[in-house]
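Here's a quick tour for anyone who wants to know what sits inside this fold and how its pieces are put together. Have a look at the model, then read on.

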Amino acid sequence: MGLLIATPGVGQTERKVTKLADGVYEIEHQDAQDGFASGNSTVIIGNRQVLVVDSCFLPSAAREDIAQIRQWTGKPVSFLLNTHFHNDHNLGNQAYLNAFPALTIVAHVETKKDMDMFGPGSAAREERGVASLQKMADTGKFKDGRDLTAAEKTEVKNALAHRVPVMEELRKVKFQSATLTFDHDFSVDLGNREVRIKFLGKGNTAGDAVAYLPNEKIVIAGDLVVHPIPYIYDGYPVEWIQTLKNLADLDAETIVPGHGPVLHDKTYLFLLRDVLKSAVDQTNAYLKRTGPAMFRTLDEVKGAIDLTPFRQRFAGDDKDLATAFDDMAANLVKVVFEEASLR
Ligand SMILES: [Zn+2]
């Protein structure tokens with residue numbers, strides 16, 4: 001694992017557009033230059049209106065998407081759905097609102113709460129990250145006083161070179177939150193194009209929304225599903241398992257993950273469900289033997305849970321993906337243990 005980059009080996013290096021059906025396009029964005037991931041966007045064009053799912057991380061990337069949408073259709077983007085509050089899916093909101101002033105930005109009620117809490121601080125958080133890198137570059141030392149090696153100095157220098165321009169762009173973002181909330185589900189007819197917006201339960205966040213096109217059998221899943229290695233930094237693993245079952249119950253042939261390429265069957269949904277279930281079941285079995293989580297430490301639980309049988313199924317023979325899988329598995333155990341500690 002690199003010193004500064006969050007998820008090496010799974011970064012998206014090129015923008016890519018995939019046509020899912022007539023008038024339905026998925027856009028995979030290039031990750032920001034500082035290694036910060038950018039979520040996928042999906043464009044759904046009806047006879048009267050357009051609905052976009054997620055506005056991605058950098059406003060400049062959102063503006064590129066908007067220019068492309070205007071080439072695809074003269075209809076306005078009337079709805080923008082934010083699948084969850086993580087800012088790699090919604091910092092482009094302002095760019096969409098500038099381009100389409102009558103836009104309604106939709107999110108689950110819990111997602112809007114979290115967007116209101118964390119969205120406005122996005123640039124300041126990045127600024128602190130850049131400042132600590134700058135300090136490392138200036139002093140040649142880590143926070144704890146340890147000297148940087150020559151290789152680490154180069155890595156810091158490169159990271160700064162990439163982050164400074166991103167920072168300049170982020171400083172100009174005026175965070176735009178959702179303007180309409182829902183708590184369970186609703187449908188919208190864009191003109192000969194039905195879209196059902198659903199909350200299928202908690203998972204990656206407390207307010208994950210999915211968009212489902214029943215006629216085209218397409219579901220846009222947000223970060224409930226990230227391919228090829230899931231993102232698990234926090235969330236609700238026990239409920240996530242059920243939410244994935246609910247997702248798999250939808251009659252869909254095309255699944256758009258929050259990051260990564262489009263999936264054409266449900267195999268990966270079941271794999272994702274199985275790894276979550278295995279982590280939860282193993283944790284519960286261990287706690288049943290040894291007593292409630294409050295008497296245990298994370299290290300003890302880690303030693304008792306083995307997710308390596310899943311490594312090959314997620315990563316194949318790719319070494320970078322295997323490393324990313326191991327990082328994910330360690331996070332997953334931590335999140336499952338934290339959730340068990342709330343009992
Ligand atoms: Zn994301």
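## Sorting the residues

A word on classes before we start: Ala, Val, Leu, Ile, Met, Phe, Trp, Tyr, Cys and Pro count as nonpolar, Asp, Glu, Lys and Arg count as charged, and the others, Gly among them, go down as polar. Keep in mind, too, that this is a predicted model.

## The largest cavity

There are 2 cavities of 30 Å³ or more in the structure. The largest cavity comes in at about 40 Å³.

Lining it are L51, F79, L80, L81, V106, F186, V188 and I197. Two elements give two or more residues each to this lining, namely strand 5 (77-81) and strand 8 (185-189). Strand 5 gives the most, with 3 residues.

And which classes turn up here? The lining of the second largest cavity has 8 nonpolar residues, with no polar and no charged ones.

Next up is an open sheet of 5 strands, which runs in the order 8-9-10-11-12 with mixed pairing. Strand 8 and strand 12 (254-256) are the edge strands; each has a single partner strand, so one side of each has no neighbour in the sheet. Going from one strand to the next, the twist averages 20°.

Within this sheet, strand 9 (residues 194-199) and strand 10 (residues 209-213) pair in the antiparallel sense, over 4 bridges. Which residue of strand 10 is the bridge partner of F199? That would be A209.

## A pair of helices

Two packed helices are described by the angle between their axes and the distance between the axes. For helix 4 (residues 122-139) and helix 5 (residues 150-171), the axes come within 10 Å and cross at roughly 150°.

Angles over 145 degrees count as roughly antiparallel, and helix 4 and helix 5 are therefore roughly antiparallel to each other. As for handedness, the crossing of helix 4 and helix 5 is left-handed.

Notes
Residues numbered from 1 in each chain as written. Predicted model: local features only at pLDDT ≥ 70, side-chain atom pairs only at ≥ 80, totals over all residues. Heavy atoms only, no water. 1 Å grid on protein atoms, 1.4 Å probe; cavity = no way out; pocket = protein on both sides within 12 Å on 5 of 7 lines; lining within 4 Å. Points joined across faces, edges and corners; volume = space filled by probe spheres on them. Pairing = 2+ DSSP bridges. Axes fitted to C-alpha atoms, helices over the stretch in contact; angles between N-to-C directions. Parallel < 35°, antiparallel > 145°, perpendicular 65-115°, else oblique. Left-handed = near helix turned anticlockwise from the far one by under 90°.
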